[in-house]
Amino acid sequence: MGPKSRRSAATHLKVTKPGSKQVRLTDAFKQSKRGVVRSEEPTKNGKSSKNTIESLEPVFDLVEDAKDLRETAEKPRVHLDCNDEEFVRYIQDIESADIAQQIHAENLTAVDKILRRFDLTEDYGPTVGMTRLERWNRANKLGLSPPSIVYRILTSLEGTEQEGLRESYLYKQI
């Protein structure tokens, strides 16, 4: 029996571009957070050629986002109670610190007010082009500390099914 070769668990994955050679992903790639890896692959005549994979950081982000979505989807959804005392107390605490009342908010529930305030707070990044949950996850990943009460609303059964709760305040307006 010959010497054992060390094979990466990720050698079956390949990155291809039109008109380029296939490159095997190695343990070095998995460990690289920079996303630039050089791997040597033997050619037909026995010599090795160097192939470069450049800037694959977005690939890492997509994998992490997929894991987050899978974990969120696997959790059992609870029903949302719009009259929950926690929601009412949260919005009352915030509104008591405001100088003026929100306009056009007389007929809104506490949940609607919380989500509207989240949408209009620029601290968590842009609102347009993504759902509230996507925005919350991105802000959380960036360490911006979005309110956990918003996550609780968005991951509820109604928060995932109702377009009015799932999409931002400016959805279909811009």
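Predicted model: local features only at pLDDT ≥ 70, side-chain atom pairs only at ≥ 80, totals over all residues.

Residues are numbered from 1 along each chain as its sequence is written, and side-chain values use heavy atoms, with hydrogens and water left out.

Of the 174 residues of the protein chain, 29% count as buried; here buried stands for under 20% relative accessible area, exposed for over 50%, and partly exposed for values in between, with a 1.4 Å probe and protein chains only. The chain exposes about 12,800 Å², of which carbon and sulfur atoms supply 51%, the areas coming from the Shrake-Rupley method with a 1.4 Å probe. Among the contacts in the protein chain with a separation of 6 or more, 39% are accounted for by residues 24 or more positions apart, a contact being heavy atoms within 4.5 Å.

Two packed helices are described by the angle between their axes and the distance between the axes. Axes are lines fitted to C-alpha atoms, for helices over the stretch in contact, and angles run from 0 to 180 degrees between N-to-C directions.

| Helix pair | Angle between axes | Axis distance |
|---|---|---|
| H3 (residues 85–97) and H4 (residues 110–120) | about 50° | 9 Å |
| H4 and H5 | roughly 60° | within 11 Å |

H3 and H4 are therefore oblique to each other, in a scheme where angles under 35 degrees count as roughly parallel, over 145 as roughly antiparallel, 65 to 115 as roughly perpendicular and the rest as oblique. H3 passes H4 in a left-handed crossing, meaning that the near helix is turned anticlockwise from the far one by less than a right angle. On the H3 side, Phe87, Val88, Tyr90, Ile91, Ile94 and Glu95 meet Ala110, Val111, Lys113, Ile114 and Arg117 of H4. Sorted by class, this contact of H3 with H4 holds eight nonpolar, no polar and three charged residues, with Ala, Val, Leu, Ile, Met, Phe, Trp, Tyr, Cys and Pro counted as nonpolar, Asp, Glu, Lys and Arg as charged, and the others, Gly among them, as polar.

H4 and H5 are likewise oblique to each other, and H4 passes H5 in a left-handed crossing. Leu115, Arg116, Phe118 and Asp119 of H4 make the contact with Arg132, Arg135 and Trp136 of H5, which by class comprises three nonpolar, no polar and four charged residues. In helix H5 (residues 132–141), the buried residues include Arg132, Leu133, Arg135, Trp136, Asn137 and Ala139. Glycine 143, with a positive phi near 75°, follows H5.

Most residues other than glycine have a negative phi. Histidine 104, not a glycine, has a positive phi of about 60°; histidine 104 lies in the loop between H3 and H4 and is exposed, with a relative accessible area of 65%. Serine 145, also not a glycine, has a positive phi of about 55°; serine 145 sits in the loop between H5 and helix H6 (148–154) and counts as exposed at 56% relative accessibility.

In the segment after helix H8 (163–166) is leucine 170, which counts as partly exposed at 27% relative accessibility. Leucine 170 and leucine 120 are 50 residues apart in sequence, with their C-alpha atoms 9.2 Å apart in space.

Terms used:
Helix = DSSP H or I, 4+ residues; strand = E, 2+ residues; numbered from the N terminus.
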